[in-house]
Amino acid sequence: MHGSQKLPDLVESIYDPSLWNNAVAGIRDFVGGQACGLFSKDSISKSGVTHYYCGADPHYIQLYAETHSKFDPLTVLPPHGKIVSIPDLVNFEEYRRGRFYQEWMQPQGCSDAANVVLEMSNANCPVMMTVLSGRRMVDRGMKQRLSLLVPHASRALLINRAMTAQLTLATALADVLDSLTVGIFLLDGLCRLVHANSAGQVLLAADDVVRSVAGQLVTGSAEANQTLRKAFADHRDGAMLAASGHAIPLSSATGERYVAHMLPLSSLLRNGSERVVDAAGALLVRKVSLGGQSCGELIARTFELTPAELRVFLSIVEVGGIPETAAALAIAETTAKTHLHRVFAKTGVSRQADLVKLAAGFANPLVH
């Protein structure tokens, strides 16, 4: 063995992306080369980007990226996983007279290199590994030692690519959830909190409409709590699926109105201790807020409400029943009742609580 690092330890470092700077040095020493690099090469433009390297001057790494990648013998890439030296690719004597050898290889004290394509997820820009051999040519022993590492390096790159893709997707989804004004709470079968988005964290910090008690999510309504406990406890029997279409009215201590919806989930989540947490479902909590002229205009257009009917609609939602609405709008209660009955007829609902739920659907769900 040429290097001081044992093969099992070297293989272990290859599977850890945080150790790849050490891994390329270990590969160089194990194979018996002068330098080692992991790089991507665009098969169309012939440009190259070096991701990890050891044993080479950074000046030459920059030269390769800017100029000399276009002149290296890897004009036609070898088959995936096949280790080739420069004489396997081109006429060696012509190569020695060319710019790549004269300006890039020879000044570094190198003459030959072992090259292998490791990963082809992007066919136009595969990931490759090269081991520069120094003054001597790449021999059979070097290729044999490198062949022991190639399957592990290829597999590690595929795993890392898959993990990166999943992390990117998870980050994007988290960003979307955090951009919503709806509080989203992932709960297990006992209504214990698994995760909350940004709006959910704000609601929890307010300790009003919802709160966390010993890790369990509770609301200010005993009836709502009972509904939630029943639905989440029986989520495998379809109780939550049946309840997911129903809205649960909630209110704050100051009378602000909220609407909650349940959504069944089937996925398993993991927490930081790697213990499997069964996220039985999600609870979506949304404040009924009709602030903004555009929201009122949209409701009026949708249900063909007159200005007077719209004012009563909005007042019922935001300040309460007939007496409160009449006082807020400075109209008689009989007038408020007349407008409310017309609103009921046009919207197709029959209760004031249903107007609250209906209005929630017109609120802007995005943080603004």
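A few ground rules. Residues are numbered from 1 along each chain as its sequence is written, and side-chain values use heavy atoms, leaving out hydrogens and water. Because the model is predicted, local features need pLDDT of at least 70 and side-chain atom pairs count only at pLDDT 80 or more, while totals for chains, interfaces and linings use all residues.

Let's start inside. The structure holds one cavity of 30 Å³ or more. A cavity here is a set of points, on a 1 Å grid over the protein atoms alone, where a 1.4 Å probe fits but cannot get out, and lining residues have an atom within 4 Å of a point. The largest cavity has about 270 Å³ of space, a volume being the space filled by probe spheres set on the points, which are joined across faces, edges and corners.

Who lines it? The lining of the largest cavity has 21 residues, and Phe39, Tyr64, Trp104, Thr130 and Leu132 lie nearest the centre. By class, the lining has 16 nonpolar, four polar and one charged. For those classes, Ala, Val, Leu, Ile, Met, Phe, Trp, Tyr, Cys and Pro are nonpolar, Asp, Glu, Lys and Arg are charged, and the others, Gly among them, are polar. Strand 1 gives the most, with four residues. Helices (H or I, at least four residues) and strands (E, at least two) are DSSP runs, numbered from the N terminus.

Now to the helices. The axes of helix 1 (residues 7-14) and helix 7 (residues 140-178) come within 9 Å and cross at roughly 20 degrees. That makes helix 1 roughly parallel to helix 7; angles under 35 degrees count as roughly parallel, and 65 to 115 as roughly perpendicular. Axes are lines fitted to C-alpha atoms, for helices over the stretch in contact, with angles from 0 to 180 degrees between N-to-C directions.

How do helix 12 (residues 307-319) and helix 15 (residues 352-360) cross? Their axes come within 9 Å and cross at roughly 95 degrees, so helix 12 and helix 15 are roughly perpendicular to each other. Their contact (heavy atoms within 4.5 Å) has seven nonpolar, one polar and no charged residues.

Last, helix 13 (residues 322-329) and helix 14 (residues 333-347) pack at about 110 degrees, axes 9 Å apart. That makes helix 13 roughly perpendicular to helix 14. This contact has five nonpolar, one polar and two charged residues.

Technical notes: Angles under 35 degrees count as roughly parallel, over 145 as roughly antiparallel, 65 to 115 as roughly perpendicular and the rest as oblique. On a 1 Å grid over the protein atoms alone, a cavity is a set of points where a 1.4 Å probe fits but cannot get out, and a pocket is an open set with protein on both sides within 12 Å along at least five of seven lines; lining residues have an atom within 4 Å of a point.
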